[in-house]
Amino acid sequence: MPDPSAILTIDLDAIAANWRDLAARHPSGPVAAVVKANAYGLGAQPVTRRLLAEGARHVFVAEFDEALALRESVPRDVPLAVLHGLVAGAEAEAAAAGVVPVLNDLGALRRWSTHAAARGARLPAILQIDTGMNRLGLGRREVERLAQDPAPLAALDLRYVMTHFVASEEPANPLNREQVARFDRLRAMLPPAPTSVANSSGIFLGDVAASDLARPGAALYGINPTPDAPNPMRTVVTLEARILQIREIEAGESVGYNSTWVAARPSRIATVAAGYADGYLRSLSGRGAGLVGGRQVPLAGRVSMDLLTFDVTDAPEAAPGGFIRLLGPDLPPDAVAERAGTNAYEILTSLGARYRRQYRGVA
Ligand SMILES: *Cc1c(COP(=O)(O)O)cnc(C)c1O
């Protein structure tokens, strides 16, 4: 294989360490592995296998197809839950695959229950109550209707009743407590079931968000769950892009599309193999930075589809064939996200398919 242009290293040891750390911070119940969106861009298969080896006993994906892709990697006694729930008509397939749908409305609940009754076996389910997102889940009126006629629940093995925070990364936001109070009020109308409340940031809210199962994603992957304080998690990604060429330019020459960057002095420009087609967001134009030998080098000019240009005038160690670091423990996704005007979730889930991926600590 030719030398790779850009190398994305994913540290499964660090993801496992983050999982253990979160488990220690959530004494009220176990901690699931949320691996939707290809484990936030980092690889659902290797991440799931490693977290199962570490002791995770619950796996969450967003879509049914994501669950099918993981089916062979997840033992049948580990709930493989689908947050988006059950598409009408998919009941038989979902039951055969042994997935646990998150039931988000009464229609899905009835369909799953009817299917269970027809099979003569209770089917596992998680029931979501919407307490403020207004996105997915039963609202107050639907919970009241279900309370009046709970018969459909009898055919199901209700593993958890869950809800999802609107702003758990803001510990002072009163909405956190209000959502939990609403959740407790609504679920009290239904037959008792274990609860699942906290996402990553929720775990750091402590007792308010205590439940029988936490569902962290972001913090596993090193995203700061406490944005107002130093990141307690380990960074798990390192991205190095190859320097294809170094150009010596004169003061007054411009770099890149539309001449947005003009050299103020004689400059050395390093062109590296990554661009917005690789998820290096174009909004980093004029704002991004890389690292060469631990030294920050500013992006010069616009982000192109396949190329980036850096001003390496002050980094004499930059040389063709070498690498510029675009992400790493010293340049974490949260810092890049801030410069790009987005969050670290988007930085990770955008990481491109062209990067050569290598994994540390494969289970
Ligand atoms: C994505 C998601 C999570 C995980 O959230 P993080 O903030 O990444 O920890 C948990 N629960 C639900 C319903 C989600 O959609």
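His 58, Phe 60, Pro 79, Ala 81, Val 100, Ile 126, Arg 159 and Tyr 160 line the second largest cavity. Its volume is about 30 Å³, taken as the space filled by probe spheres set on grid points that are joined across faces, edges and corners. A cavity here is a set of points, on a 1 Å grid over the protein atoms alone, where a 1.4 Å probe fits but cannot get out, and lining residues have an atom within 4 Å of a point. The lining splits into 6 nonpolar, 1 polar and 1 charged.

A quick word on the model: it's a predicted one, where local features need pLDDT of at least 70, side-chain atom pairs count only at pLDDT 80 or more, and totals for chains, interfaces and linings use all residues. Numbering starts from 1 along each chain as its sequence is written, and side-chain values use heavy atoms, with hydrogens and water left out.

## The largest cavity

The count is 2 cavities of 30 Å³ or more. The largest comes in at about 80 Å³. Its lining is 10 nonpolar and 1 polar, with no charged residues. Among the lining residues are Leu 239, Gly 279, Tyr 280, Val 336, Ile 347 and Tyr 355.

## The ligand site

Now for the ligand, which takes up the space of the largest pocket. A pocket is an open set of grid points with protein on both sides within 12 Å along at least five of seven lines, and a molecule sits in one if more than half of its atoms lie within 2 Å of its grid points. There are 13 residues around the ligand, the closest being Lys 36, Tyr 40, Ser 200, Ala 218 and Tyr 345; being near takes a heavy atom within 4 Å. By class, that shell has 6 nonpolar, 4 polar and 3 charged residues.

On polar contacts (pairs of N or O atoms within 3.5 Å), a backbone atom of Gly 217 is 2.9 Å from a ligand oxygen. The side chain of Asn 199 puts a polar atom 3.2 Å from an oxygen of the ligand, and a ligand nitrogen is 3.4 Å from an N or O atom in the His 164 side chain. The protein covers 92% of the 390 Å² of accessible area that the ligand has on its own, going by the Shrake-Rupley method with a 1.4 Å probe.

## Domains

An automatic or database assignment divides the chain into domain 1 (12-221) and domain 2 (237-331). Their centres, taken over C-alpha atoms, are 42 Å apart.

Note on methods:
A polar contact is a pair of N or O atoms within 3.5 Å; within protein, one must be able to donate a hydrogen and the other to accept it, and residues adjacent in sequence count only if both atoms are side-chain atoms. Ala, Val, Leu, Ile, Met, Phe, Trp, Tyr, Cys and Pro count as nonpolar, Asp, Glu, Lys and Arg as charged, and the others, Gly among them, as polar.
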